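Please look at the aromatic rings of the structure shown below. The paragraphs that follow lead through them step by step.

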Amino acid sequence: MRHQRQRGAVRSVIWLLALTGIAVGLALFLGRNQATVTLFWAPYRFDVSFNLVLLSLVVGFLFLYVALRGIARLRSMPERARRWRELQAERSAVGSLLDALSHLLAGRFVRAQSAGKEAVSQIEGLNARQWGHRRQALLLSHLLVAESAQSLRKEGERDEHLEAALDPALTKATPESQEGVLLRSVRWAIEDRDVDLARARLDRLPQGAARRIQALRLKLRIARLAGESGEALEVARLLSKHKAFSAEAARSVLRGLVLDAIKACHDMQQLRGIWKGLDAKERSMPDIALAAVNRAAALQAPGAAAEGVNMGRLVRDWLEPVWSDFGELSESQQLRFVGALEKGLTDMDADMLGRIERTLREHPNNAFWQYLAGQAFMQRQLWGKAAQLLGQASHHLPEGDLLRRTWCSLAVLAEERGDDAEASQAWKKAAQMG
């Protein structure tokens, strides 16, 4: 503020000096000017001072300029009045549009709908030549009314204003607004759980708009709504690649989609295809690896239509990314891991048995691994080692199916040794776990 006052003072001084200089110049030029101008108008003669002639010319020029400007302004007054009325109409329409948007954001859908309809009627009364953004404003007004109608579950009004917003006369001038309307309409179809309509509207998007993150998010929701886990997984991977989710959210979404895809498998060929399509990070997720092994075991169950596979090799290969991090798993995940790995013991080879022994040496006090190693030794008819490990596991395993199977195995081992009393006691404890 202080600098502004200083600049103003300096400017005033400069003007004062300039005017003083002009006055001094005029005084020097006109003060001693003795020239005269003679005008002849027969039979008269007029002698006029040259200074007076100059002053008259300047005053006359100024008067003529002011008169012409005044006439021009008088003639432009009707046009200016018309433009003022148009400007007031534009301001009123924009005000109604902003009111509709404000009410919509505040959740006042009835007021938003009323303000939107008022904006539509006001904008329709304007000429496109008068307002260059008329079509865009009209499209947005229809969109706000349709959005309010969707929130109020008025499908008829929503569809009416949606069609009005997608009028080629409006969308041709504002293609970006058309893309926005289509994206909103896809969201409405998803909310109505109408998969076919949502896909049809999504297909109307231009190729460039269909690759945007917002469109891909909607495509993901459509795929999940339709139960198409494979397509949903591909879209989720693309979104994760574009960093549309946080790292933890992307991991959670991908895990859920992969689990859904695994659960939907009907044969081993389909399950193998899904597993082959997973990347290393996805295969290392414990929940995914365990779900895949359990699904493979279910497809291999008696009566299930599945091709014969070596479960021991499959379990070892699919659980390999998780196996090395067994100590970092939670207790529930360790329980599931041991249960999944147990399904491959019937087809166990020497390499798998050696891997089990090495892991047991790494985690000698882990009850889950003691149980698994005991079952593995029991499969190889190493009764002594099996009985020792299963006995240790029975003291630390939580109550449940795993502990029940432990007592059953101990009962079988006792019968193998001919110890009927211990076998009976073990069967009794297994029955109590029932």
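**Aromatic rings and their neighbours**

Trp 323, Phe 337 and Trp 369 together make up one aromatic cluster. The model is a predicted one, in which local features need pLDDT of at least 70 and side-chain atom pairs count only at pLDDT 80 or more, while totals for chains, interfaces and linings use all residues. Residues are numbered from 1 along each chain as its sequence is written, and side-chain values rest on heavy atoms, with hydrogens and water left out.

A pair of aromatic rings is described by the distance of the centres and the angle of the planes. Rings of Phe, Tyr and Trp (its six-membered ring) pair if their centres lie within 6.5 Å; planes under 30 degrees apart count as stacked, over 60 as edge-to-face and the rest as tilted. By this rule there are four aromatic pairs. In one of them, the ring centres of Trp 275 and Trp 318 are 4.9 Å apart and the planes stand at 20°, so this pair is stacked. Trp 275 belongs to helix α13 (residues 268-277) and Trp 318 to helix α16 (residues 311-323), so that the pair links distant parts of the chain, 43 residues apart; helices here are DSSP runs of H or I with at least four residues, numbered from the N terminus. Both Trp 275 and Trp 318 are buried, that is, under 20% relative accessible area with a 1.4 Å probe, counting protein chains only.

The rings of Phe 337 and Trp 369 have centres 6.0 Å apart and planes at 20°, so they too are stacked. Phe 337 lies in helix α17 (residues 331-342) and Trp 369 in helix α19 (residues 367-379), so the pair ties together parts 32 residues apart in sequence. Both Phe 337 and Trp 369 are buried.

Technical notes: Helices (H or I, at least four residues) and strands (E, at least two) are DSSP runs, numbered from the N terminus. Buried means under 20% relative accessible area, exposed over 50%, partly exposed in between (1.4 Å probe, protein chains only).
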